[in-house]
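Q: I have a sequence and a model open. How do I read the features one by one?

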Amino acid sequence: MDALIRDLSELKVGDPVVHAQHGIGRYRGLVNMDMGAKNPDGTPALQEFLHLEYAQQAVLYVPVSQLHLIGRYSGVGADEAPLHKLGSGQWEKAKRKAAEQVRDAAAELLNIYARRAAREGHAFRFDARDYE
């Protein structure tokens, strides 16, 4: 399944999501907020935000224009998704650990392929009668 969220209709209230900078939270819906901008007629120009909930009921409001920073959570079941604590460094630590694991796996693969390339293979004798 693709982790990219292309459209708000792909999100359901309660879905776990991953914010690129803040980690795993839970989508709680859309909210309109007055950020001080005014319409030409003087009424407040409300902006739409994604309401994300994190550990300890912490809340993050993400402008819909920044939807590209939000991805699908693809770990354990949606109900068991471990919400991150905002400002704790927990997400940075998880990203760093994942990057180290990727680097280790890449180094191991490079080593395996280098050893394969350095070994001499065996050419089997071809006998056309065996194929008949």
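A: Start with pairing. Two strands pair if DSSP finds at least two bridges between them. Here, strand 2 and strand 3 run antiparallel and are joined by eight bridges. Keep in mind that this is a predicted model.

Q: Then what is the confidence of the prediction, and where is confidence lowest and highest?

A: Read pLDDT, the predictor's confidence in each residue, from 0 to 100. The protein has a mean of 88, with 98% of its residues at 70 or more. Helix 2 (residues 128-131) has the lowest confidence, a mean of 84. Strand 4 (residues 59-63) has the highest, at 94.

Q: In what order do the strands of the sheet lie?

A: Read across the sheet, from neighbour to neighbour. Five strands make an open sheet, ordered 4-3-2-1-5, with antiparallel pairing. Strand 4 and strand 5 (70-72) are the edges, since each pairs on one side only. On average, neighbouring strands in this sheet are turned by 45° against each other, direction ignored.

Q: How many residues lie between the strands of each hairpin?

A: The hairpin of strand 2 and strand 3 has five residues between them. In that turn, Gly-42 has a positive phi of about 95°. Strand 3 and strand 4 form a hairpin too, again with five residues between them. There, Gln-56 has a positive phi of about 60°.

Q: How many bridges hold the other strand pairs?

A: Count pair by pair. Strand 1 and strand 2 pair over four bridges, in the antiparallel sense. Strand 3 (residues 44-53) and strand 4 have five, also antiparallel. Strand 1 (residues 16-19) is joined to strand 5 by three bridges, and this pair runs antiparallel as well.

Q: Which residues stand opposite each other?

A: Follow single residues across the sheet. Begin with His-19: its bridge partner in strand 2 is Gly-23. In strand 5, His-19 stands opposite Ile-70. Now try Leu-52. In strand 4, Leu-52 has Leu-60 as its bridge partner.

Q: Is Met-33 buried, exposed or partly exposed, and why?

A: Compare its relative accessible area with the cut-offs. Buried means under 20%, exposed means over 50%, and partly exposed is in between. Met-33 has 28% relative accessibility, so it counts as partly exposed. Now place the residue: Met-33 is in strand 2 (residues 23-38). It stands opposite Gln-47 in strand 3. Beyond four places in sequence, Met-33 touches Ala-45, Leu-46, Gln-47, Phe-49 and Tyr-61.

Q: Is His-84 buried or exposed?

A: Apply the accessibility test again. His-84 has a relative accessible area of 7%, so it is buried. His-84 sits in the loop between strand 5 and helix 1 (90-118). Leaving aside neighbours within four places, its contacts include His-22, Gly-23, Ile-24 and Tyr-54. Ala-55, Gln-90 and Trp-91 are also in contact with His-84.

Q: How many aromatic pairs are there, and which residue lies over the face of Tyr-113?

A: Treat these as two separate checks. The structure has zero aromatic pairs. Arg-116 lies over the face of Tyr-113, at 5.1 Å from the ring centre.

Definitions and conventions:
Residues are numbered from 1 along each chain as its sequence is written. This is a predicted model: local features need pLDDT of at least 70, side-chain atom pairs count only at pLDDT 80 or more; totals for chains, interfaces and linings use all residues. Side-chain values use heavy atoms; hydrogens and water are left out. Helices (H or I, at least four residues) and strands (E, at least two) are DSSP runs, numbered from the N terminus. Buried means under 20% relative accessible area, exposed over 50%, partly exposed in between (1.4 Å probe, protein chains only). Contact means heavy atoms within 4.5 Å. Axes are lines fitted to C-alpha atoms, for helices over the stretch in contact, and angles run from 0 to 180 degrees between N-to-C directions. Rings of Phe, Tyr and Trp (its six-membered ring) pair if their centres lie within 6.5 Å; planes under 30 degrees apart count as stacked, over 60 as edge-to-face and the rest as tilted. A charge sits over a ring if NZ of Lys or CZ of Arg is within 6 Å of the ring centre and within 35 degrees of the ring normal.
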